[in-house]
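Okay, thanks for coming, everyone. Let me put the model up on the screen, and then I'll talk you through a couple of residues and the pockets.

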Amino acid sequence: GHVYLIAGFVPKDRVEELRHVVERASGGRATFEENPAEVGGARVEIPTLLRNPRLIRPVEGVVATYGLPGYREIDPTPLVALTFTLMFGAMFGDLGHGLVLAAVGALLAFHVRPKLAKFAGVGTILLACGVSSSIFGLLYGSAFGLEDVIPHLWLQPMHDIPTLLMASKPMRTR
């Protein structure tokens with residue numbers, strides 16, 4: 001005895017699935033109308049649906065804090081996942097702390113405790129950042145803040161500050 005109007009956006013590849021579910025739920029008393037992205041020459045603003053592999057999906061939250069890309073724009077999530085992880089490792093390079101972060105991340109990411117399953121996305125990010133931090137810790141020769149316990153393979157940040165500063169300096173092009 002009631003009439004409902006539901007409007008929304010659905011990915012093209014899921015329209016038939018939605019139609020089937022609604023028709024089954026309504027007993028065949030539903031009417032569908034699909035509208036194009038342009039109505040009367042004016043574009044309708046289509047919301048963005050990010051589709052990323054499961055491994056980098058947790059990084060979508062980081063991207064969303066800065067604003068989602070437009071419907072026809074490139075999704076920066078893969079690039080953010082790579083650069084965020086590398087920059088974290090470069091800034092917090094420490095073998096000991098990185099291994100602790102990676103262990104906590106693994107506990108969360110692999111649902112070791114069922115109550116922690118809702119933190120799986122955070123666990124994935126912690127795991128990746130912990131591994132990156134550990135690798136840079138080996139390169140820096142740093143373990144739990146001590147730089148003389150293991151030999152450095154690349155440079156020691158506290159002793160090679162000019163090298164780090166020069167690495168961050170933009171290159172001049174002629």
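So, to start: in which loop is S142 found? Keep in mind that we're looking at a predicted model here. S142 sits in the loop that runs between helix 5, residues 120–140, and helix 6, residues 161–168.

Who are its neighbours, then? Leaving out residues up to four places away in sequence, S142 touches G93, D94, L95 and G96, along with G137, E147 and I150. One of those, D94, also has a polar contact with S142, side chain to side chain, at 2.9 Å.

Now have a look at M158. M158 is also in the loop between helix 5 and helix 6. So how does M158 come out, buried or exposed? Its relative accessibility is 61%, and the cut-off for exposed is over 50%, so M158 counts as exposed. If you'd like a link back to the S142 neighbours, take L95, which S142 touches. M158 and L95 are 63 residues apart in sequence, and from C-alpha to C-alpha they are 16 Å apart in space.

As a reminder, if you roll a probe the size of a water molecule over the atoms, you see where empty space is left.

What volume does the largest pocket have? We get about 1500 Å³. There are 37 residues lining the largest pocket, and G8, F9, V10, L18 and E33 are the closest to its centre. Helix 1, residues 15–25, gives the most to that lining, with three residues. By class, the lining of the largest pocket splits into 23 nonpolar, seven polar and seven charged residues.

Then there's the second largest pocket, with about 380 Å³ of space. It has 18 lining residues, and nearest its centre you'll find R54, L55, I56, P58 and T124. Which elements give two or more residues to this lining? Those are helix 3, residues 77–91, and helix 5. Helix 5 gives the most, with seven residues. As for the classes, the lining of the second largest pocket has 13 nonpolar residues, four polar and one charged.

How values were computed:
Residues numbered from 1 in each chain as written. Predicted model: local features only at pLDDT ≥ 70, side-chain atom pairs only at ≥ 80, totals over all residues. Heavy atoms only, no water. Helix = DSSP H or I, 4+ residues; strand = E, 2+ residues; numbered from the N terminus. Polar contact = N/O pair within 3.5 Å; in protein donor to acceptor, adjacent residues only side chain to side chain. Contact = heavy atoms within 4.5 Å. Buried < 20%, exposed > 50% of the residue type's maximum accessible area, 1.4 Å probe, protein only. 1 Å grid on protein atoms, 1.4 Å probe; cavity = no way out; pocket = protein on both sides within 12 Å on 5 of 7 lines; lining within 4 Å. Points joined across faces, edges and corners; volume = space filled by probe spheres on them. Nonpolar A, V, L, I, M, F, W, Y, C, P; charged D, E, K, R; others polar.
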